[in-house]
Amino acid sequence: MIKRIVTLGDSTMQFNNHTKFPQTGWPQALVRFLRDDINILNLAKNGRSTKSFIEQGLFSEALKYIDESDLVLIEFGHNDLKIQDPLRYTTAYGTYQDNLRFMVNEIKKKKAEVILLTSITERKFENGVLLNTLGEYPQALKSVAAELGVVCIDLFEKTREVVNKEGEEKSKRFYMNFEPGLYDNKLEGSEDDTHLRYDGAFMVANCFYKEMKNIGLHTDIFIEA
């Protein structure tokens, strides 16, 4: 029986306190869908790739906390593709997959359950068309999930569907893309189309919730929404 969700990932997942307002990691909105007795241990860290998360000791530290009653969500990709940064860059069908395999297998040794998540879409439009800025990484992750027999939730495609439906202008509300003074006179504007505001965090959490319900996995941890 699942008692806790553990999140391993990058800044799209990381918990953000008041100093980062209005930036919000999507697991912060996931609590809206969970029973009160299901906790979230958010171990995601800003700017990390699978490589840096492992090499900086963050994964080995996370393993100390994980036990057999946990459901572990892994979402990396945005920083793995940064070819200009050798400390983070991984090849989609090479070191990225190797790192995912390593994490999944180590978590399985702890008898916890793992779900692999493709990275959420960025809001990058060109001539009205939403671009794929993540290249081969989503498909590479799905291939690892199939190989290892673990569940994959395709947040990349599901969030793309929502952003496309909202359109180029309205979808700004999901991201850290806003004019100066919207929140207070001291907060400068932002044109960040990667990181989320609360509306975006809720959107992603809702995508995750719906997919879990669709596949009938651990539906008992959710409230009816």
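At what angle do the axes of helix α6 and helix α7 cross? The close-ups below start with that pair. This is a predicted model, in which local features need pLDDT of at least 70 and side-chain atom pairs count only at pLDDT 80 or more, while totals for chains, interfaces and linings use all residues. Residues are numbered from 1 along each chain as its sequence is written, and side-chain values use heavy atoms, with hydrogens and water left out.

**View A. Helices α6 and α7 cross at roughly 120°.** The axes of α6 (residues 155-170) and α7 (residues 198-215) come within 10 Å. Axes here are lines fitted to C-alpha atoms, for helices over the stretch in contact, with angles from 0 to 180 degrees between N-to-C directions. Helices (H or I, at least four residues) and strands (E, at least two) are DSSP runs, numbered from the N terminus. The pair is therefore oblique, the class left over once angles under 35 degrees (roughly parallel), over 145 (roughly antiparallel) and 65 to 115 (roughly perpendicular) are set aside. On α6, look for L155, K158, T159, V162 and V163, which make the contact with M203, V204, C207, F208 and E211 of α7; contact means heavy atoms within 4.5 Å.

View B. A disulfide is a pair of cysteine sulfur atoms within 2.5 Å, and the count is zero. C152 is partly exposed at 25% relative accessibility, whereas C207 is buried at 8%. Buried means under 20% relative accessible area, exposed over 50%, and partly exposed in between (1.4 Å probe, protein chains only).

**View C. D70 is a buried residue of strand β3.** The strand covers residues 70-75, and D70 has a relative accessible area of 1%. Leaving aside neighbours within four places in sequence, D70 is in contact with I2, R4, V6, Y65, A112 and E113.

**View D. A cis peptide bond joins F21 and P22.** Omega is about 5° for this bond. P22 sits in the loop between β1 (4-9) and α1 (27-30).

**View E. K111 and N127 each have a positive phi.** For K111, phi is near 65°; this residue lies in the loop between α4 (95-109) and β4 (113-117) and is exposed at 59% relative accessibility. For N127, phi is near 55°. N127 belongs to the loop between β5 (125-126) and β6 (129-130) and is exposed, with a relative accessible area of 78%.
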